[in-house]
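My notes follow in the order I made them.

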Amino acid sequence: MLASFSAITTDIAAAEPFPRSSPEAQGVSSQQLLEMVTALDSEIEGLHSVMVVRHGQVIAEGWWAPYAAEHNHVLYSLSKSFTSTAVGIAVAEGKLSIDDTVLSFFPDAAPATPDRNLQQMRVRDLLTMTTGHQDEPPTAVDKVSAKSFLAEPVPHKPGTHFKYNTAATFMLSAIVQKQTGETLVDYLRPRLFEPLGIENPQWDTNLEGIALGGYGLRVRTEDIARLGQLYLQKGEWKGQRLVDPEWVALATSRQVSNGSNPASDWDQGYGFQFWQCRHGAYRGDGAFGQYCVVLPEQDAVVAITSGLGNMQGVLDILWKTLLPAFHVAPLEQGDPSDLNAKLAGLMLPVPEGEIHASRGTARFPKNDEKLESISWETMPEGGLALVSIVDGKEYRQPCSYGKWAVGGTQPGGEKTAGSFAWTKPSELTIKICAYETPFVTTWRLTFNGAGSVELDREWNVGFGQQKAVRLIGTNEEN
């Protein structure tokens, strides 16, 4: 029974960038990689980045503009695999055991009379999503806490009922913070982030200052690949041990069953915050297409960020196009120019239409969006300057025609890029991409004459309604 590991060495200098290599030198055909990237680009709308690592060498990498290598990206539930890693390190340091009961850490947050199932729930059950809950406890930033988690009924015996449970991962974060006195970011910084070269991790917290654990982490695409490579190397990095190999084996193997569909990569079993995949692979993943796919048999890692709905479709393309590309021995050097050109030219779709000089202001009556007005003006160089007033505050967004212009912000502080076109003679379409998130908002201003203007806003992905209520305002064309 796993209880604790020996101490792990963490005194390591910051990592250098991943070494780069031609695909053929690592036994992969450039042409087959081109087929993979082309399929991802043409068959799946909403890819943001892809990085393929073979034998510890990056052999292909690309970002769909305005996304870029240097930007962090929201991971959503891919954060869970980092939280699992923190638990594994804390176990190695003797801070806790996976067989400790959850109640033992939070006696003051427990119900007055906890039932038998809650009393039996262990850290292991949090890790495997088998807490015994029928309904997931609250997960929102302003509601998730140890108290709200422990107040939820536990009708099933822990360890017997798989229920995907983001609040359970929050509890892992809370336990690590309780036992170490540090948030996940502070705890992992010298033990994982700095050794791997993850320079600017950002992790949202609940109202008590506890990292959300199950979501809320932002890192770069290469940082995702580094975590995968660490697990592929059984917890070793540059000759130093960061994570115990026994933890790696347990975390990435089938601990519980979660379905029986042989065609689904969500029915192959679950480990310690890692999913089992088909073809001998395993992965961490997050909503809207954030992936860290590890292929031990091929000695490879694939990191992907996205803003899409068809998560299985991405994996299907990998299995179809990437798996056949791997060869045991190096290949004769091919011509990578087509692959490199494809990777360098990736871009999210922009509005298609015309460009012509225009400026004006649309004003809206009081609304739930608190959007007061939108002003736009075509610039001499052909761009569009967009200014919106939301709840009395001004937000500026530069937009380009046929490409993306960075430099904007939106309510909440997200950095944005914009693109525009007149998609009809009376319709101005603007896309705004919050390029550290999966979200792209499409704004359509339709001018109906007599000074009337309609605004429709639609999001590419979302947990709820993706299309906002139409706003009707007045157009003050200048």
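I count a residue as buried when its relative accessible area is under 20%. The model is a predicted one.

Cysteines. I looked up Cys-399 and found 3% relative accessibility, so I put Cys-399 down as buried. Cys-292 also goes down as buried, because its relative accessibility is 3%.

I searched the whole structure and found zero disulfides. The cut-off I worked with is a sulfur pair within 2.5 Å.

Sheet. I noted an open sheet of three strands in the order β3-β5-β4, paired antiparallel. The edge strands are β3 (73-74) and β4 (202-203), and each has pairing on one side only. I then followed β3 to β5, which covers residues 217-219, and found two bridges joining this antiparallel pair. Val-74 has Arg-218 of β5 as its bridge partner.

Cavity. How many cavities of 30 Å³ or more are there? I got one. The volume of the largest cavity is about 50 Å³. I listed its lining as Trp-63, Tyr-67, Ala-68, His-71, Asn-72, His-73, Thr-221, Thr-305 and Tyr-435. Sorted by class, the lining of the largest cavity gave me four nonpolar residues, five polar residues and no charged ones.

Conventions:
Residues are numbered from 1 along each chain as its sequence is written. This is a predicted model: local features need pLDDT of at least 70, side-chain atom pairs count only at pLDDT 80 or more; totals for chains, interfaces and linings use all residues. Side-chain values use heavy atoms; hydrogens and water are left out. Two strands pair if DSSP finds at least two bridges between them. Helices (H or I, at least four residues) and strands (E, at least two) are DSSP runs, numbered from the N terminus. On a 1 Å grid over the protein atoms alone, a cavity is a set of points where a 1.4 Å probe fits but cannot get out, and a pocket is an open set with protein on both sides within 12 Å along at least five of seven lines; lining residues have an atom within 4 Å of a point. Grid points are joined across faces, edges and corners, and a volume is the space filled by probe spheres set on the points. Ala, Val, Leu, Ile, Met, Phe, Trp, Tyr, Cys and Pro count as nonpolar, Asp, Glu, Lys and Arg as charged, and the others, Gly among them, as polar. Buried means under 20% relative accessible area, exposed over 50%, partly exposed in between (1.4 Å probe, protein chains only).
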